[in-house]
Amino acid sequence: MLNRTALEALTRRPLPFLASSWPWRGAAYLAASVVPGLAAGATAAAAAGGALVTPALGAVAGLAALALSVPLVARFERLRLRLVDPAPVPEPPDRRRREVWLAVMTVLAFWWIDLLMLAFTIAGPLVLALTPVLQEPVSPLIGAPASLAGVLLLPVAAYTITAWGGARGAMARAMLAPPDSELHEVLRSRARLVDAFEVERRRIERDLHDGAQQRLVSLSMKLGMARLDLPADSETARLVGQAHDEAKRALAELRELIRGVHNQVLTDRGLAAAVRDVAGRSPVPVDVDVALPGRLPAPVEVTAYYVVTEALANVSKHSRAARAAVTGRMEGGTLVVEVRDDGVGGADPERGTGLTGLADRLSVVGGRLSLSSPAGGPTRVRVEIPGS
Ligand SMILES: Nc1ncnc2c1ncn2[C@@H]1O[C@H](COP(=O)(O)OP(=O)(O)OP(=O)(O)O)[C@@H](O)[C@H]1O
Ligand SMILES: [Mg+2]
């Protein structure tokens, strides 16, 4: 799996983790605390200089130096965050206030913790490793095991540094932007609904009828003919036979669609089976956990099915996720279906027709669609449909 932050990188197996750039990035992040450290030094120097004249002047000079350094430190914090957490940081409306707060906390508190952490973590193993050099004369009985221990501790240091760098990055991100895990309802509109449905229905009908159906008919016929020409017991005949059957099934499904009848599995076996069916065809592995007491009214099942199909199509098209999950439950009298993925996030209904189309469909059955997809992920699509 692609690691997007230093913290996530810690979950890798040891060798790939140690060979990756993450420990170095963590170290660079922590070492960069020298910059806010300089700001802290300047603030302290200004305060001390002023205090030589009067204590009040000391306070004023200290505050002035802090105020001057804060904007620079704030910008620097945003920049260096990329070392341990490269995903873009959202810019909420109270961005300035948040930046100032992060910068003040970094200058007053965080920088020295970072530097101490880095120094101790590296110094411990290093001093041990260099025991034979540093403590002359030292008996090889002590020197050799000490340097061995030092060398063995270096990978541990890589973990400590990455963990602290990652944690500091997570703190900085949380201070710069609120974690956006709230679900927001995707807006729907009646006017758009009427248009969108009608236009889409006609287009699909026409495209399927004129294009895909004709092609499938001809494919199926050609495969049927090829099958007749082949010796009945050959491997090729078996494969062509399978292809022929599949083409016939595809044609049957397409006919169902054109008649406006939805997915056969859905009609015959219900939502849970149909969801497992689409999930099984998704290129991204999907965990399905749909447990429903029985069949639901057809419009509810169809709508939920469309949501899952579109959400999973989005997962494979846009999310770069390693895994997705679909859950479905009845809560009270309401069907609640959620599709989650661990991908890059940043889904935006304004940029396509899929999600808004779903919101439109849902409004017809009195349901609603909510979306949570902060930059950096994860993405959650949730629908609630009154079930009975
Ligand atoms: N699971 C996801 N992870 C990341 N980004 C997503 C995800 N789902 C959607 N997006 C983003 O949100 C946008 C809007 O999605 P939407 O489904 O409305 O449109 P689309 O998939 O681009 O086009 P279509 O109209 O064919 O569905 C997408 O273009 C994509 O950038
Ligand atoms: Mg889409």
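Reader: Which helices each supply at least two residues of the shell around ligand 1?

Author: They are helix H13 (298-319) and helix H14 (354-364); a helix here is a DSSP run (H or I) of at least four residues and a strand (E) one of at least two, numbered from the N terminus. The model is predicted, with local features needing pLDDT of at least 70 and side-chain atom pairs pLDDT 80 or more, while totals for chains, interfaces and linings use all residues. Residues are numbered from 1 along each chain as its sequence is written, and chains are lettered from A and ligands numbered from 1 in the order in which they are written.

Reader: How many residues surround ligand 1, and which are the closest?

Author: The shell holds 19 residues, with Asn314, Ser319, Ala347, Gly352 and Gly354 the closest. A residue belongs there if its C-beta atom, placed from the backbone, lies within 6 Å of the molecule. H13 gives the largest share, 5 residues.

Reader: How does the shell around ligand 1 divide by class?

Author: There are 5 nonpolar, 10 polar and 4 charged residues in it. Nonpolar means Ala, Val, Leu, Ile, Met, Phe, Trp, Tyr, Cys or Pro, charged means Asp, Glu, Lys or Arg, and the others, Gly among them, are polar.

Reader: What makes H3 oblique to H8?

Author: The axes of helix H3 (residues 22-31) and helix H8 (residues 140-176) come within 8 Å and cross at roughly 60 degrees. H3 is therefore oblique to H8, since angles under 35 degrees are roughly parallel, over 145 roughly antiparallel, 65 to 115 roughly perpendicular and the rest oblique. Axes are lines fitted to C-alpha atoms, for helices over the stretch in contact, and angles run from 0 to 180 degrees between N-to-C directions.

Reader: Which residues make the contact of H3 with H8?

Author: From H3 come Trp22, Pro23, Arg25, Gly26, Ala27, Tyr29 and Leu30, and from H8 come Ala158, Ile161, Thr162, Trp164, Gly165, Gly166, Arg168 and Gly169. Contact requires C-beta atoms, placed from the backbone, within 7 Å. By class, this contact has 8 nonpolar, 5 polar and 2 charged residues.

Reader: Why are H6 and H8 called roughly antiparallel?

Author: The axes of helix H6 (residues 95-129) and H8 come within 8 Å and cross at roughly 175 degrees. H6 and H8 are therefore roughly antiparallel to each other. Their contact comprises 21 nonpolar, 5 polar and 4 charged residues.

Reader: What makes H3 roughly antiparallel to H5?

Author: H3 packs with helix H5 (residues 55-84) at an angle of about 160 degrees, their axes 8 Å apart. The pair is therefore roughly antiparallel. Arg25, Gly26, Ala28 and Tyr29 of H3 meet Arg80, Leu83 and Val84 of H5. This contact of H3 with H5 has 4 nonpolar, 1 polar and 2 charged residues.

Reader: In what sense do E4 and E6 pair, and over how many bridges?

Author: Strand E4 (residues 334-341) and strand E6 (residues 379-386) are antiparallel and share 8 bridges, and two strands pair if DSSP finds at least two bridges between them. Thr334 stands opposite Pro386 in E6.

Reader: How many bridges join E5 to E6?

Author: Strand E5 (residues 368-372) runs antiparallel to E6 and is joined to it by 5 bridges. Ser372 has Arg380 of E6 as its bridge partner. The hairpin of E5 and E6 has 6 residues between the strands, where Gly376 takes a positive phi near 95 degrees. Pro378 also lies in the loop between E5 and E6, and a cis peptide bond with omega of about -10 degrees joins Gly377 to Pro378.

Reader: Which residue has a positive phi although it is not a glycine?

Author: Arg320 does, at about 55 degrees. Arg320 is placed in the loop between H13 and strand E3 (324-331).

Key: Two residues are in contact if their C-beta atoms, placed from the backbone, lie within 7 Å.
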